[in-house]
Amino acid sequence: MAKVVVFDHPLIKHKLTFIRDKNTGSKEFRELVTEVSMLMGYEVTRDFPLEEIEIETPLTKMKSEVISGKKVGLIPILRAGLGMVDGMLNLLPAARVGHIGLYRDPETLKPVEYYCKLPQDIEERELIVLDPMLATGGSAIAAIDFLKKRGANSIRLVCLIAAPEGVNAVTEAHPDVDIYVASLDEKLNDHAYIVPGLGDAGDRLFGTK
């Protein structure tokens, strides 16, 4: 069964407060999202395997540990997921970045893929799906579906804030996908917005309405 990790680090809580604040402008919002994403990356990668190699310090030879052949793919869900990429790349500069674009069909209400560009070897990579908001879970579930159909074997989902409804939906649909969130909020409102939430992440990142 998937694990759900809710962060309790003081720095993340501090920065998330200002991300939520309606008076925070787009420039500061983008910077804070990048910073929180980088901080979350430490925990997301905590279980990456290590191996010993031999190096030489200025004083002597020694054995030291490096990450063991782990290839990573960052997969932001367009467009809001783009705001989390730079923070993760600061920690994982060798990661490949793919993109998935989804929209909700107004009649069926189901997510429809309109864009998908992925690393060719996703079956060999640890994929980290990035989306600031996990509300109903529909977009995340669809993105993970698309990745699995293309051969992905190992996927993690990283979000800034989540509603319990979205977490439950993703864990039910994909019990093998671990979920990492900076905050688990109270609920969804009647318009499927997370409460207390932070508004529309895409609009706040890019200064649109």
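A residue is called buried when its relative accessible area is under 20%, exposed when that value is over 50%, and partly exposed in between. Keep these words in mind for the close-ups below, which come from a predicted model.

View 1. Let us start with C159, which is buried, with a relative accessible area of 0%. C116, in contrast, counts as partly exposed, at 23% relative accessibility. A disulfide needs the two sulfur atoms to be within 2.5 Å. C159 is likewise in no disulfide, its nearest cysteine sulfur being that of C116. The count for the structure is 0 disulfides.

**View 2. The largest pocket.** Here we look into a pocket that holds about 690 Å³ of space. Its lining is made of 25 residues, and those nearest the pocket centre are R104, D131, M133, A135 and S139. Which elements give two or more residues to this lining? They are the strands β4 (72-78), β6 (99-104) and β9, together with the helices α4 and α6 (201-206).

View 3. An unreviewed UniProt entry places the feature "binding site" at R79, R104, D131, P132, M133, L134, A135, T136, G137, G138, S139 and D200. From this set, the lining of the largest pocket takes in R79, R104, D131, M133, L134, A135, T136, G137, G138, S139 and D200.

**View 4. T136 in its loop.** Zoom in on T136, and you will find this residue in the loop between β9 (133-134) and α4 (138-149). T136 is partly exposed, with a relative accessible area of 37%. What does T136 contact, leaving aside its neighbours within four places in sequence? Its partners are R104, E165, G166, A169, L188 and A192. Look also at the side chain of T136: one of its polar atoms lies 3.2 Å from the backbone nitrogen of G138.

**View 5. S139 in helix α4.** Our last stop is S139, which lies in helix α4. Is S139 buried or partly exposed? S139 has a relative accessible area of 26%, so this residue is partly exposed. Not counting residues up to four places away in sequence, S139 touches I77, L102, R104 and P111.

Conventions: Residues are numbered from 1 along each chain as its sequence is written. This is a predicted model: local features need pLDDT of at least 70, side-chain atom pairs count only at pLDDT 80 or more; totals for chains, interfaces and linings use all residues. Side-chain values use heavy atoms; hydrogens and water are left out. Buried means under 20% relative accessible area, exposed over 50%, partly exposed in between (1.4 Å probe, protein chains only). UniProt positions are given in the numbering used here, feature names are shortened, and annotations may be inferred rather than shown by experiment. On a 1 Å grid over the protein atoms alone, a cavity is a set of points where a 1.4 Å probe fits but cannot get out, and a pocket is an open set with protein on both sides within 12 Å along at least five of seven lines; lining residues have an atom within 4 Å of a point. Helices (H or I, at least four residues) and strands (E, at least two) are DSSP runs, numbered from the N terminus. Contact means heavy atoms within 4.5 Å. A polar contact is a pair of N or O atoms within 3.5 Å; within protein, one must be able to donate a hydrogen and the other to accept it, and residues adjacent in sequence count only if both atoms are side-chain atoms. Grid points are joined across faces, edges and corners, and a volume is the space filled by probe spheres set on the points.
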